[in-house]
Amino acid sequence: MEQSAPVTGGLCWAELGTTDPESARRFYTRLFGWRPETDPRQESGGHTVAYLGDAAVAALAPLYQEGQPVAWNVSFAVADIDAALRAVGAAGGQALLGPTDVFDAGRSAVAVDPTGAVFQLWQADAFPGAGVFDVPGSLGWVELMTRAPRQAVSFYTGVFGWSVDASRRYPRWGVDGAAFGGMVTMDEKFPHEVPAHWLPYFAVEDVDDAAVTTTTVEGTVLMEPVSHPEGPRIAVLRDPQGAMFGVYRAADGRWAGDGPSAVTPAARPGVLPAGRAAR
């Protein structure tokens with residue numbers, strides 16, 4: 001990823017909503033070496049921030065709504081969350097939750113794009129987002145899976161001002177020229193019931209070792225490790241509660257070149273978010 005820190009309009013955070021936070025803590029600590037810290041305040045609902053050293057890298061949280069699926073969710077930083085939600089509605093999307101004040105950390109909201117992919121918005125106050133990107137154990141890329149790529153391009157460029165290299169076989173999203181994600185068109189390889197969704201990728205030292213570790217701690221390998229020409233080595237995994245995510249390792253330590261071509265998920269990803277954005 002060419003984005004090295006949270007910037008307005010860009011990627012800032014990833015959060016897991018899960019049915020078993022304690023199991024998720026054990027799984028991701030083993031896989032990524034995270035140091036999880038749970039907020040002791042009752043009103044936080046058991047929200048847990050994962051650290052690498054002193055840097056916050058992701059969050060784990062219980063499910064907050066009835067019928068909410070287990071899923072990883074991604075957040076994009078905005079300067080004014082109310083204005084951003086108005087832009088979402090004007091562009092054909094919909095607000096699902098919020099905006100909500102999260103202590104003194106900032107304000108969060110949840111929205112869905114016109115193609116059905118859910119994402120979160122974050123207006124920072126004391127907490128800007130992830131402390132690091134692209135280092136092993138941290139977020140390094142996000143990927144939009146959608147059946148309506150033209151509609152998605154129109155929406156996200158209009159709402160966030162993203163750039164998109166639509167001439168590439170694998171279009172990449174960027175802010176001020178810095179790429180942070182890509183887009184895959186869902187075709188017949190994807191089961192009909194799999195909705196549009198955002199898939200986060202975390203950097204690892206060794207993709208093959210990460211896949212093996214996943215199976216030893218009761219996770220599942222959905223897509224075996226594969227290397228892309230002039231690009232990263234990747235795999236798509238699923239944790240014991242069913243949340244899907246990717247891992248990658250690029251030769252230069254950063255995501256480069258083309259991303260995954262059509263991947264057929266073995267599990268239905270979440271269609272609603274965890275119910276809270278970054279803290």
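A residue is called buried when its relative accessible area is under 20%, exposed when it is over 50%, and partly exposed in between, using a 1.4 Å probe and protein chains only. Ala84, at 9% relative accessibility, therefore counts as buried. Keep that scale in mind, as it will come back throughout this tour.

A word on the ground rules before we go further. This is a predicted model, in which local features need pLDDT of at least 70 and side-chain atom pairs count only at pLDDT 80 or more, while totals for chains, interfaces and linings use all residues. Residues are numbered from 1 along each chain as its sequence is written, and side-chain values use heavy atoms, with hydrogens and water left out.

Let's start with the overall picture. The protein has four helices and 16 strands; these are DSSP runs, with helices (H or I) of at least four residues and strands (E) of at least two, numbered from the N terminus. Of its 279 residues, 56% count as buried. Contact here means heavy atoms within 4.5 Å. Among contacts between residues at least 6 apart in sequence, 66% join residues at least 24 apart.

Ala84 sits in helix H2. Leaving aside residues up to four places away in sequence, Ala84 touches Val78, Leu121 and Val159. The C-alpha atoms of Ala84 and Phe160 are 8.2 Å apart, although 76 residues separate the two along the chain.

Now turn to a pair of helices. The axes of H1 (residues 21-32) and H4 (residues 207-216) come within 10 Å and cross at roughly 155°. Axes are lines fitted to C-alpha atoms, for helices over the stretch in contact, and the angles run from 0 to 180 degrees between N-to-C directions. H1 and H4 are therefore roughly antiparallel to each other, given that angles over 145 degrees count as roughly antiparallel, under 35 as roughly parallel, 65 to 115 as roughly perpendicular and the rest as oblique. H1 passes H4 in a right-handed crossing, a term for the near helix being turned clockwise from the far one by less than a right angle, with anticlockwise giving left-handed. On the H1 side, Phe27, Arg30 and Leu31 make the contact, and on the H4 side Ala210, Thr213, Thr214 and Thr216 do. By class, the residues in this contact are three nonpolar, three polar and one charged. In this scheme Ala, Val, Leu, Ile, Met, Phe, Trp, Tyr, Cys and Pro are nonpolar, Asp, Glu, Lys and Arg are charged, and the others, Gly among them, are polar.

What about charge pairing? Side chains of opposite charge can pair when their charged atoms come close. A salt bridge is a side-chain nitrogen of Lys or Arg within 4 Å of a carboxyl oxygen of Asp or Glu, and a search of the whole structure finds eight of them. Glu22 and Arg25 are three residues apart in helix H1, so about one helical turn separates them. Glu22 is partly exposed at 44% relative accessible area, and Arg25 is also partly exposed, at 21%. Together with Arg26, Glu22 and Arg25 are linked in a network of salt bridges.

Asp82 brings us back to H2. Asp82 forms a salt bridge with Arg107, with the closest N and O atoms 2.7 Å apart. Asp82 lies in helix H2 (residues 81-90) and Arg107 in strand E7 (residues 106-112), so the pair ties together parts that are 25 residues apart in sequence. Asp82 is partly exposed at 30%, and so is Arg107 at 23%.

Finally, a few backbone details deserve a look. Most residues other than glycine have a negative phi, and most peptide bonds are trans. The peptide bond from Gly98 to Pro99, however, is cis, with omega near 15°, and Pro99 lies in strand E6 (residues 94-102). In the loop between E6 and E7 you will find Phe103, whose phi is positive, near 50°; Phe103 is partly exposed at 32% relative accessibility. Glu218 likewise has a positive phi, near 70°. Glu218 lies in the loop between H4 and strand E14 (220-227) and is exposed, with a relative accessible area of 65%.
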